[in-house]
Amino acid sequence: MKFFVSSLRFLPPELAHSVALNGLNLIYKIGLINFLFPMPQKVKSFNYKNLTFMNQLGLAAGLDKNGDFIDALGALGFGFIEVGTVTPLAQPGNSKPRIFRFLSKQAIINRLGFNNKGVDHLVAQIKTRKYKGILGVNIGSNKNSEGQKRINDYIECFEKVAPFSDYITINISSPNTPNLRALHSQENLLPLFEALSIARQKLSYSNPIFIKLSPDESTETISLIMEEIRNYNFDGVISSNTTIDKTLLKDSDAQGLAGGLSGKPLYEKSNALLSDLHSLDPNILKIGVGGVFTQEDFAKKINLGASLVQIYTSFIYEGPQIVSKLLQ
């Protein structure tokens with residue numbers, strides 16, 4: 001199996017991604033997934049509100065944008081899975097090439113741009129899932145939406161996924177949709193938060209709402225966002241999305257590449273944001289993500305204040321066995 005995962009590196013990144021997930025799905029459908037990848041035992045569960053997470057390790061948004069592989073991924077033993085980012089309308093994303101591997105650095109730069117099949121497709125997939133674990137949905141806006149239309153995109157997605165999601169993540173921090181990170185500013189953030197709050201009340205949605213943050217914002221901006229998260233009674237934060245700071249990669253080939261950097265080079269920067277968030281509010285729930293490859297990485301996120309941890313790049317590089325590796 002290690003040979004199979006390693007051999008995927010010889011394929012273009014998006015093709016490798018498709019081959020890997022479809023291969024995993026096939027293994028799941030013929031009933032071999034837990035023979036090849038036994039679920040971790042004796043794990044610590046986590047309870048929040050009315051939700052019970054089988055363990056503290058989750059899969060971050062971005063790997064299964066359309067919810068096409070929920071059951072297969074769930075069978076690996078994740079405590080929770082986050083699908084998306086999903087937008088109201090299907091969109092192709094940015095032009096290719098748009099994923100770049102840096103194998104020696106255990107890093108990836110992507111500028112996918114919310115490529116997905118649209119929220120209606122995702123909802124149809126969620127409705128038919130067999131996976132009984134915690135399922136979160138990460139929502140965003142279409143590329144060409146601006147101003148009030150951008151806010152409307154979030155609300156449309158929220159209303160459609162709310163009946164079927166255990167939690168909803170508001171993605172205001174992808175660097176690959178034009179001006180999306182402008183939502184970190186108070187003047188743009190408040191109308192979005194107000195609209196989400198109204199939608200939550202309208203639907204009587206009692207499950208958690210999380211805000212996914214950028215690691216590239218100033219301490220002042222993060223402090224203001226945290227204040228508004230408390231004001232609107234949202235439930236938690238995800239620290240963090242990818243970074244546009246390519247100097248962390250220390251690779252000259254990366255300096256001119258647009259897109260978000262994930263993997264090992266993001267570890268310290270995402271941890272710094274996590275630590276700041278915990279200092280600002282020790283009680284709000286925090287999900288730590290960014291550069292988790294080892295049990296020590298996992299434990300550090302928890303020690304810095306995270307209640308839950310997500311992985312993305314390490315799953316791509318190491319394959320399904322990373323779940324047991326981190327939880328054993």
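**Exercise 1. Work out what span helix α6 (residues 147-161) should have, and check it against the ends of the helix.**

Solution. Keep in mind that this is a predicted model. Start with the count: α6 has 15 residues.

**Exercise 2. Find which residues of α6 are buried, and what covers them.**

Solution. Buried means under 20% relative accessible area. In α6 that picks out Arg150, Ile151, Asp153, Tyr154, Ile155, Cys157, Phe158 and Val161. Next, look at what lies over them: the cover includes the helices α5 (119-127) and α7, along with the strands β4 (80-86), β7 (134-139), β8 (167-171) and β9.

**Exercise 3. Lys160 forms a salt bridge; find its partner and say what the pair ties together.**

Solution. The partner is Asp120, with the closest N and O atoms 3.1 Å apart. Lys160 belongs to helix α6 and Asp120 to helix α5, so the bridge ties together parts 40 residues apart in sequence. How open are the two ends? Lys160 has a relative accessible area of 30%, so it's partly exposed. Asp120, at 48%, also counts as partly exposed.

**Exercise 4. Decide where the buried residues of helix α8 (219-231) sit around its axis.**

Solution. First list them: Thr221, Ile222, Ile225, Met226, Glu228 and Ile229 are buried. They cover an arc of only 165 degrees around the axis, which puts them on the same side of α8. Finally, the buried residues pack against α7 (186-203), β9 (209-213), β10 (236-239) and α9 (267-280).

**Exercise 5. Trace the salt-bridge network that contains Lys269.**

Solution. Begin with Asp216, whose side chain meets that of Lys269 at 2.9 Å, N to O. Asp216 lies in the loop between β9 and α8 and Lys269 in helix α9, so this pair joins parts 53 residues apart in sequence. Asp245 is in the loop between β10 and β11 (260-263), 24 residues from Lys269. Put together, the network links Arg181, Asp216, Asp245 and Lys269.

Terms used. Residues numbered from 1 in each chain as written. Predicted model: local features only at pLDDT ≥ 70, side-chain atom pairs only at ≥ 80, totals over all residues. Heavy atoms only, no water. Helix = DSSP H or I, 4+ residues; strand = E, 2+ residues; numbered from the N terminus. Expected span 1.5 Å × (residues − 1). Buried < 20%, exposed > 50% of the residue type's maximum accessible area, 1.4 Å probe, protein only. Arc of directions from axis to C-beta. Contact = heavy atoms within 4.5 Å. Salt bridge = Lys/Arg side-chain N within 4 Å of Asp/Glu carboxyl O.
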